[in-house]
Amino acid sequence: MRSNDMNQTLVNIFFILASAACIFPFLLLFIASFSSEQSIIANGYSLFPSEFSLEAYKYLWSNFDSIGRSYGITVLITAVGTSAGLFISALLAYPLSRTDMPLKNTLSFIVFFTMLFNGGLVPTYLIYTEVFHIKNTLWALIIPGLLTNGFFILLIRTFFRNSIPKEIIESAYIDGASEFKIFFRIVMPLSLPILATIGLMLGIGYWNDWFNGLIYITDSKLFSLQNLLNRMLQNIQFLQQTNLDGRGQTANLPTNGVRMAMAVIGIVPILLLYPFFQKFFVKGLTIGAVKG
Amino acid sequence: MAHTWRKVWKTFWRYKALFLMLVPGMVYLFINNYMPMFGLTIAFKDINYAKGIWRSDWIGLKNFEFLFISKDAWRITRNTILYNGVFIVLNTVMAIGVAILLNEVRKKFLARFYQSVLLLPYLISMVIVGYLVLALLNLENGFMNKVILPAFGIDPISWYTKPEYWPYILTIVNLWKNIGYLCIIYLAAIVGIDPEYYEAATIDGATKWQQIRSITVPLLMPTIIILTLLAIGRIFYADFGLFYQVPLNSGPLQPTTDVIDTYVYRALITLGDIGMSSAAGFYQSLVGFVLVLVSNLIVRLKDKDQALF
């Protein structure tokens with residue numbers, strides 16, 4: 001058993017190193033956001049800054065208008081998008097899961113075919129902007145690409161098929177309940193696990209989305225948090241590349257520490273909620289993995 | 001004839017509630033997925049906003065001519081396939097290795113802790129990843145240039161203007177981001193292996209390494225093959241976020257970081273060249289679809305249950 005103990009130690013050492021490698025960038029981010037600008041310019045981003053300071057966060061606070069606004073936008077679209085997406089997905093998955101549903105194979109094919117073939121960015125963009133005119137509206141952050149997809153519907157349908165006994169539905173029929181009543185009063189309450197899993201994936205998708213904002217939004221009043229972060233990141237690079245004269249530090253140009261602080265506030269909610277939803281997420285992925 | 005139609009109507013009416021439930025989702029899928037599919041025809045048109053999409057002229061394969069005459073088509077195709085190919089191989093090998101090791105950790109709460117940490121990068125957005133990489137690779141202040149390189153006596157490198165480093169950088173970032181997620185999937189498969197195999201092997205005196213080689217890997221093969229084939233089916237689609245955000249959309253890096261997805265994006269949004277971007281997008285959708293069909297067919301031939309359809 002001695003070799004077994006040594007194996008254990010080695011394995012644990014490997015994971016401690018791997019974990020450290022995974023966490024290191026985050027640590028750097030955090031500590032840099034609390035470093036003074038002087039210390040960053042002098043010594044670069046470091047785990048051990050020469051000087052701590054809250055100036056980055058003070059700058060963010062002074063910009064509360066735009067940052068608070070983008071936070072609000074992100075929270076709004078996450079809440080609305082997740083609930084609407086869950087509702088629509090479950091509503092679509094339910095008839096497909098019923099064995100007595102006519103045309104269910106054709107309908108299922110129509111739904112799942114979307115996972116195989118894709119129109120691509122150009123048609124999607126043109127349709128949303130030229131036909132539906134959602135450019136620079138909140139709809140652009142909620143609807144395109146994120147509301148639901150074949151994969152989520154597949155997972156929910158599988159859950160309905162495997163975990164909702166036919167007998168329950170049949171006996172509800174006999175009792176004279178309508179389809180909608182059955183769906184909302186019986187099926188939904190029984191489906192909390194899958195709803196939580198899909199809801200989580202939807203929520204993270206919306207929280208992290210920057211792409212829709214990138215292509216559909218130019219009005220700064222509608223920037224989501226990630227979108228704002230994105231613009232700031234790109235802005236710096238653009239300025240560095242075009243090599244401005246010594247007047248690089250304009251009043252609006254976020255400094256190094258501020259960039260890090262912005263990123264920190266972008267991930268703090270996820271980090272805070274992580275312990276709570278981590279179990280669900282892993283479980284959901286495992287179920288999804290078994291399906292293939 | 002009338003008798004059948006009446007039957008159809010009766011069935012539909014009986015299930016009207018269920019059909020009604022389908023409506024919101026189907027409408028969304030129609031707008032979000034099917035309309036764009038029909039919109040692929042844009043690649044064969046010369047879009048004129050004054051005339052609108054529907055009335056613009058058909059110009060046949062002209063857009064494709066432009067696309068393939070320029071060297072762009074080869075470059076973005078090569079980049080996309082090479083990167084994705086490396087990602088598939090490297091990520092698979094590493095994920096299996098980590099999953100096997102994770103399975104070996106005796107204290108389960110430790111295993112869960114490690115898994116949580118490894119999963120964390122997967123949950124943050126690519127924009128944040130862009131910031132993290134910036135903290136490391138920034139020319140004046142980055143951790144690499146200020147701390148690591150000086151420790152080896154190397155001069156600072158201008159990372160964001162030198163294309164040759166980026167295949168490595170992007171591969172590492174992609175691995176860092178996805179290992180936690182892949183690991184969970186393979187771990188689920190490993191946990192499903194009957195422990196009796198291992199017990200019998202231990203009795204026969206096999207070492208851990210031998211057990212891994214003769215039990216774990218062969219029994220994982222179905223999962224590995226499925227996942228790999230599915231990934232190959234998607235080899236024409238790159239992770240837009242990775243290739244756009246992390247290099248900070250830097251021009252000089254494009255020879256090695258431009259993939260089909262970023263090319264389509266830049267052509268459409270930045271240059272407003274609908275012709276080139278729609279042709280490239282069509283090219284991607286078509287080849288991607290064929291690859292998905294072929295790879296799924298192969299999966300189906302191997303093991304019918306595992307296929308997507």
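Two residues are in contact if their C-beta atoms, placed from the backbone, lie within 7 Å. The model used in these exercises is predicted.

**Exercise 1. Two domains of chain A**

Task: Find where domain 1 and domain 2 of chain A lie, and how many residues of domain 1 touch domain 2.

Solution. 
- Step 1: Take the bounds. Domain 1 of chain A covers 1–53, and domain 2 covers 61–291.
- Step 2: Compare the centres. The C-alpha centres of the two domains lie 32 Å apart.
- Step 3: Count the contacts. Seven residues of domain 1 of chain A are in contact with seven residues of domain 2.
- Step 4: Name the elements. On the domain 1 side, α1 and α2 of chain A each give two or more residues. The most come from α1(A), with four residues.
- Step 5: Sort by class. This side of domain 1 has four nonpolar, two polar and one charged residues.

**Exercise 2. Ser39(A)**

Task: Decide whether Ser39(A) is buried or exposed.

Solution. 
- Step 1: Ser39(A) sits in helix α2 of chain A, residues 37–43.
- Step 2: Apply the cut-off. A residue is buried if 20 or more other C-beta atoms lie within 10 Å of its own. Ser39(A) has 21 C-beta neighbours inside 10 Å, so Ser39(A) counts as buried.
- Step 3: List its contacts. Beyond neighbours within four places in sequence, Ser39(A) touches Pro49(A), Ser50(A) and Glu51(A).
- Step 4: Look further along the chain. Gly257(A) is 218 residues away in sequence, yet its C-alpha atom is separated from that of Ser39(A) by 9.6 Å.

**Exercise 3. A helix pair in chain B**

Task: Describe how α4(B) packs against α15(B).

Solution. 
- Step 1: Locate the helices. In chain B, α4 is residues 62–69 and α15 is residues 274–302.
- Step 2: Read the geometry. The angle is about 85 degrees, and the axes are 8 Å apart. Angles of 65 to 115 degrees count as roughly perpendicular. Therefore α4(B) is roughly perpendicular to α15(B).
- Step 3: Name the residues. α4(B) uses Asn63(B), Phe64(B), Phe66(B) and Leu67(B). From α15(B) come Gly275(B), Met276(B), Ser278(B), Ala279(B) and Ala280(B).
- Step 4: Sort them. Six are nonpolar, three are polar and none is charged.

**Exercise 4. Chain A meets chain B**

Task: Work out what the chain A side of the contact with chain B is made of.

Solution. 
- Step 1: Count. 78 residues of chain A are in contact with 73 residues of chain B.
- Step 2: Find the main contributor. Helix α1 of chain A, residues 2–33, gives the most to this side, with 14 residues.
- Step 3: Sort by class. The chain A side has 48 nonpolar, 26 polar and four charged residues.

Key. Residues are numbered from 1 along each chain as its sequence is written. Chains are lettered from A and ligands numbered from 1 in the order in which they are written. This is a predicted model: local features need pLDDT of at least 70, side-chain atom pairs count only at pLDDT 80 or more; totals for chains, interfaces and linings use all residues. Axes are lines fitted to C-alpha atoms, for helices over the stretch in contact, and angles run from 0 to 180 degrees between N-to-C directions. Angles under 35 degrees count as roughly parallel, over 145 as roughly antiparallel, 65 to 115 as roughly perpendicular and the rest as oblique. Ala, Val, Leu, Ile, Met, Phe, Trp, Tyr, Cys and Pro count as nonpolar, Asp, Glu, Lys and Arg as charged, and the others, Gly among them, as polar. A residue is buried if 20 or more other C-beta atoms lie within 10 Å of its own, exposed if 12 or fewer, and partly exposed in between; C-beta atoms are placed from the backbone. Domain bounds come from an automatic or database domain assignment.
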